[in-house]
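Reader: I'm new to this one. Could you walk me through how to read it?

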Amino acid sequence: MSSDDLHGEYRGSDRTVPAEVVFSRIRERFRVMGLLGRNLIVEHDGCRYRVSCDEKAFMVYRVNDKGGLRHHVPGWPVCLVNTDMVFEECCTQSLGSDHYACGLDMEKWLELVGRHGCGHE
């Protein structure tokens with residue numbers, strides 16, 4: 001499934017495709033990959049992220065495993081999609097410019113999951 005199939009007209013902050021449709025397409029992609037309901041650990045730029053998709057939500061959660069840092073302990077969601085909303089840290093003006101922001105949008109997260117889908121917990 002290409003990102004065009006997944007997002008249709010959805011592009012970052014453009015919300016022309018309802019969240020319910022975007023989530024349904026993500027959920028189907030996880031189902032086809034055999035990953036629905038599983039937790040994955042994905043690394044990007046030296047940081048760990050927990051990625052999951054079940055019947056309720058698709059979530060990418062940054063795991064802050066650097067004990068000395070107090071910034072967002074123990075971590076924070078960087079991407080969350082469910083039937084009601086699409087949240088992408090990188091597309092949120094105040095959060096996307098934070099020095100801890102990951103900079104990846106939903107499309108890039110799904111590409112990473114496709115490449116690293118075998119690393120389930």
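Author: Let's go through the sheet, then the helices, then the core. Keep in mind that this is a predicted model.

Reader: Okay, the sheet. In what order do the five strands of the open sheet come?

Author: The order is β1-β2-β3-β4-β5, and the pairing is antiparallel. Two strands sit at the edges, β1 (39–44) and β5 (86–88), and each of them pairs on one side only. From one strand to the next, the twist averages 30°.

Reader: How do β1 and β2 pair, and over how many bridges?

Author: In the antiparallel sense, over six bridges. To find your place, look for Val42, which stands opposite Tyr49 in β2. The two strands form a hairpin with two residues between them. In that turn, Asp45 has a positive phi of about 50°.

Reader: And where does Met59 find its bridge partner?

Author: In β4: the partner is Leu80. The strands β3 (residues 58–63) and β4 (residues 75–81) pair over six bridges, again in the antiparallel sense.

Reader: Which residues of β1 are on its covered face, and which on the uncovered one?

Author: Start with the general idea: side chains in a regular strand alternate between the two faces of the sheet. Now the case here: Leu40, Val42 and His44 make up the covered face of β1, while Asn39, Ile41 and Glu43 make up the uncovered one.

Reader: On to the helices. Which strands does α2 lie across?

Author: Helix α2 (residues 19–32) lies across β1, β2 (47–53), β3, β4 and β5, and runs at about 100° to β2. Helix α4 (residues 106–116) packs on the sheet too, touching β1, β2, β3, β4 and β5. The direction of α4 makes about 110° with that of β1.

Reader: Are α2 and α4 roughly parallel or roughly antiparallel to each other?

Author: For reading this, angles under 35 degrees count as roughly parallel. The axes of α2 and α4 cross at roughly 10° and come within 12 Å, so the two helices are roughly parallel to each other. On the α2 side the contact is made by Val22, Ile26, Arg29 and Phe30, and on the α4 side by Met106, Leu110 and Val113. By class, that gives six nonpolar, no polar and one charged residues.

Reader: Last one: how many residues does the largest nonpolar core have?

Author: It has 27 residues, and those with the most contacts inside it are Ile26, Phe30, Phe58, Val81, Met106 and Trp109. At least two residues of this core come from each of α2, β1, β2, β3, β4 and α4.

Key: Residues numbered from 1 in each chain as written. Predicted model: local features only at pLDDT ≥ 70, side-chain atom pairs only at ≥ 80, totals over all residues. Heavy atoms only, no water. Pairing = 2+ DSSP bridges. Helix = DSSP H or I, 4+ residues; strand = E, 2+ residues; numbered from the N terminus. Axes fitted to C-alpha atoms, helices over the stretch in contact; angles between N-to-C directions. Contact = heavy atoms within 4.5 Å. Parallel < 35°, antiparallel > 145°, perpendicular 65-115°, else oblique. Nonpolar A, V, L, I, M, F, W, Y, C, P; charged D, E, K, R; others polar. Buried < 20%, exposed > 50% of the residue type's maximum accessible area, 1.4 Å probe, protein only. Core = buried A, V, L, I, M, F, W, Y, C linked by side-chain atoms within 4.5 Å.
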